Each structure stands twice: as structure tokens, then as C-alpha cells.
Amino acid sequence: MMSHLFRLMWNRKRQNVLLFIELFFAFLVATAAAVIVVHFVNNARHPLGFDATRVWSIEINRGRAGAADGEAAKEHERAIMRDVMRELGAMPGVEAVSGAFTGPYRWYSWTTSLNLEDGRSIYQSVNHADDRFRDVLDVDVIAGRWFSRDDDGANTQAVVVNERLARQIFGAADPVGQVIRPRPSQEPGAAGETPLRVVGVIRDFRQFGELSTPDSVMIYRDAIDGPIASVRLPDVALVRVAPGTTADLEERILKRLGAIAPGWTLTIEPVEA
């Protein structure tokens, strides 16, 4: 019986080979699909690290003003930004306002290698944010604290890191209060980088949402009223609005801020959208 079956298979070897090839590639496709599903389901189990409920994102395009050169021009631009943030915070219906390089679900991010003094290089996602960032997004700080006026005038740059990055840099040691010393640049005449002081640890901050892969994250403190050399003007303002706020507030924001910064382009969108 077996010899008969093998003889039939041999006689139809061409058809059988094609069938085996089809089955093989079907198996590969099914396996790849299963791996992708498991990957995203596993990602969805991780905490986001923030709450975007009732948060509006205002993209700030300073246009030609954004290329301001010289101390006087930069100070003028920063003064306008201070007025924008102050006016936003004073508007009825607004609970809290923060400025940052980027925010949740925005399409752009900043990734770079952190080159440590001991020779290690660690890949990380970077953001810049002010003292109200935690209040607006309810960022989950699990050790230490968020940025505050206590960080004014320090000879180190205040940063917040997530758990993943803290383990990569410090292992099992407590990261709060530790100083990260970047590796000096090898370029002749290059200025040394400012040491980074960890003031707090967050559980996570997955900018691209529930299905994104958890990453190593570092957030630098920027205060608009700090020294010019140490501040990066925000590219986005994040606004937490009161419950029941309608689109009427959006119109009022654009009208008021358009009068304060007539050369800037502002685009408002709810983060949840």
C-alpha cells in the first residue's frame, strides 16, 4: 500500500511540489500575521503614561519669525510666546496650559543617541517641556518630582526619564538626583555639554499611542522665562479645557492669539482626534 502511495506521489510530483510551496508560503503569512497581532496586543497592555482627555493641541508655526537671529530678536520672540501662554491660561474654559517640543499623537518626534562619559551610547526619544506639562497631561511620575522653580539657576539641565531609560543608565540604583555626564565632543574647540540632573522618573510616555512600542524617553525642562541659551521655544501648546467646552472656545483662542502673534500660524485640534 505504501509503495503504491509513493508511486502516485512521484507520478504527480509537479502538482505536489506546487501544493507544498503554496502551503509553505501560506504558513509564513499566517505566522507573520500572528506575530504582528501578538506584538500590538502586547503593546496595548502597557500604560500610555499620560491622559489626553479634554486636551487640545495647538501647533505653533512661527514662520520667518521662527528663524530669529541675535539676542534681541530671540528675546522679542520669547516675549510673544510668554504672552501667548499667559493669555491661553487666562481664558475662561481653560484649566491648564503647557508648552512642549511635541505632544501625544503628533506625527513628529526626536530620537538621538545619548553618549555617556563612560563610553556607552543609549538610543532615546527626546522631548522638551515646561513645568505645567505634567498638570495638562496627568503624566505618571513614580519617583522624584516633575520640573519646578526649584530647578531655576542650577548649573545642570533638569531632566525626567522613564523607567526603561533609568534602568539602562543606572541599573538598579535610584536615579533621582543622579547626574548624567555626556561624553565630551571630540571636535576641536567644541563646548562641553551641560550635565543632566534627573529630578524624576515617569512610568512611560508613549507619544504615538496605545499600539506603539515602549521606548526609552528623556524629557528636558524648558522655561520660557529662563536664560535665553537654555530655552527652546515650544512648537506646540497643550491646553486642558473644562468639561463641556465647545468649539466656540477654539474660535476665541484663534482670534485672541492672532492679535498677540499676527505673524504666526496656529492650528488647533483635540488630541483625542
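A residue is called buried when its relative accessible area is under 20%, exposed when over 50%, and partly exposed in between (1.4 Å probe, protein chains only). The model is predicted, so local features need pLDDT of at least 70 and side-chain atom pairs count only at pLDDT 80 or more, while totals for chains, interfaces and linings use all residues. Residues are numbered from 1 along each chain as its sequence is written, and side-chain values use heavy atoms, with hydrogens and water left out.

Helices (H or I, at least four residues) and strands (E, at least two) are DSSP runs, numbered from the N terminus. Helix H6 comprises 13 residues, 248–260. From first C-alpha to last it reaches 19 Å, close to the 18 Å expected at 1.5 Å a residue, where the expected span is 1.5 Å times one less than the number of residues. Buried in H6 are Leu249, Ile253, Leu257 and Ile260. These residues lie on the same side of H6 because they cover an arc of only 50 degrees around the axis, the arc being that of the directions from the helix axis to the C-beta atoms. An α-helix has 3.6 residues a turn, so residues three or four places apart point the same way. Glu251, Lys255 and Ala259 are exposed, on the face of H6 turned away from its buried side.

The buried residues of H6 pack (contact: heavy atoms within 4.5 Å) against helix H3 (71–90) and against strands E1 (55–61), E2 (94–100), E10 (236–241) and E11 (265–270).
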